[in-house]
Amino acid sequence: MKKIILLIMVMINLYAAPRVGDNAIEFSLTDLYHESKIVSSSQYNGKVTLLNLWASWCSGCQAEMPLFVDLQNRYKKNNFEIITSSIDSSPSAAVDFLNEVDMQHTLTALYDEDKSLPKAYKCPGMPTSFLIGKDGKIVKVYVGSLDHNDIKELEATIQELVGN
Amino acid sequence: MYKLFLIALVLFTSGCSEHLVRVMPYEKEYFAQDKMSLAPVGARSEQEGHIFLIREASAGGESSFQGGCGCR
């Protein structure tokens with residue numbers, strides 16, 4: 001009986017999604033605006049980041065994107081960076097949408113053609129955002145679109161992490 | 001030993017069936033297209049979409065994650 005319980009526990013752990021306190025999943029994805037440029041998660045070591053998994057066909061993702069642009073504008077990128085990773089089947093759809101809401105290309109935009117990040121994180125909804133600390137560990141997970149109040153709460157946490 | 005093998009087999013196969021049956025939230029691109037809307041009338045479609053989201057919440061909705069109460 002003990003062996004069965006142990007087996008079940010091991011299997012549950014194998015299928016478990018990364019949680020708060022776990023290491024963020026490493027990635028190496030192409031830049032949405034420059035196809036030849038590869039962006040790796042190791043470039044953000046020692047920096048507070050918000051990893052946003054989104055798609056242009058997701059209405060909640062569309063709603064929160066302008067809020068992320070405003071948020072990024074309030075922080076220097078060497079302290080805090082928002083990384084958006086699109087899972088659109090066509091990158092042009094994502095670029096078209098971002099050109100409307102983020103004309104200055106304030107946000108770091110990546111393209112995840114294989115949907116590797118949502119699969120690895122076992123995303124329960126779209127969009128999903130992960131606040132990642134300087135140590136590379138997940139600090140908070142936001143499932144669903146963020147509104148103004150959520151952004152205020154998020155900003156307070158960012159300030160704590162950044163150390164302002 | 002046989003029982004253990006049987007339990008492992010059931011768990012593994014049920015894990016596979018879960019992946020085969022459930023459309024994950026990040027795989028709903030084609031469901032999000034206008035032509036997939038059940039109601040051609042905009043206002044009605046929005047209302048039905050809201051109900052759909054609440055109903056879908058436990059498995060991850062199209063745009064936002066809800067607890068099933070429809071209050072968000």
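This is a predicted model: local features need pLDDT of at least 70, side-chain atom pairs count only at pLDDT 80 or more; totals for chains, interfaces and linings use all residues.
## Helix α3 of chain A

Helix α3 of chain A spans residues 91-101, and its residues Ala94(A), Val95(A), Phe97(A) and Leu98(A) are buried. Viewed along the axis of α3(A), the buried residues fall within an arc of 165°, so they line one face of the helix. An α-helix has 3.6 residues a turn, so residues three or four places apart point the same way.

## Aromatic pairs

Over all chains, the structure holds three aromatic pairs. One of them joins Tyr75(A) and Phe80(A): the ring centres are 5.5 Å apart and the planes stand at 70°, so this pair is edge-to-face. Tyr75(A) and Phe80(A) are both buried.

Another pair is formed by Tyr121(A) and Phe130(A), with ring centres 4.0 Å apart and planes at 25°, so the pair is stacked. The angle lies under the 30 degrees that marks a stacked pair. Tyr121(A) and Phe130(A) are both buried.

## Surface patch on chain B

In chain B, Tyr2(B), Phe5(B), Leu6(B), Leu9(B) and Val10(B) make a nonpolar surface patch of about 530 Å². Tyr2(B) lies in helix α1 of that chain, which covers residues 2-21. The relative accessibility of Tyr2(B) is 62%, so this residue counts as exposed; the cut-off for exposed is over 50%.

## Backbone features in loops of chain A

A cis peptide bond runs from Met126(A) to Pro127(A), with omega near -5°. Pro127(A) sits in the loop between α4 (116-121) and β6 (128-132) of chain A.

Positive phi values in residues other than glycine occur at His105(A), where phi is near 55°, and at Lys115(A), where phi is about 55°. His105(A) belongs to the loop between α3 and β5 of chain A, whereas Lys115(A) is placed in the loop between β5 and α4. With a relative accessible area of 33%, His105(A) is partly exposed. Lys115(A), at 16%, is buried, because buried means under 20% relative accessible area.

Methods. Residues are numbered from 1 along each chain as its sequence is written. Chains are lettered from A and ligands numbered from 1 in the order in which they are written. Side-chain values use heavy atoms; hydrogens and water are left out. Buried means under 20% relative accessible area, exposed over 50%, partly exposed in between (1.4 Å probe, protein chains only). Helices (H or I, at least four residues) and strands (E, at least two) are DSSP runs, numbered from the N terminus. The arc is that of the directions from the helix axis to the C-beta atoms. Rings of Phe, Tyr and Trp (its six-membered ring) pair if their centres lie within 6.5 Å; planes under 30 degrees apart count as stacked, over 60 as edge-to-face and the rest as tilted. Patches are made of residues with over 30% relative accessible area and no salt bridge: like charges are joined within 9 Å, nonpolar side chains (Val, Leu, Ile, Met, Phe, Trp, Tyr) within 5 Å. Accessible areas come from the Shrake-Rupley method with a 1.4 Å probe; for residues, only the protein chains shown count as cover. A salt bridge is a side-chain nitrogen of Lys or Arg within 4 Å of a carboxyl oxygen of Asp or Glu.
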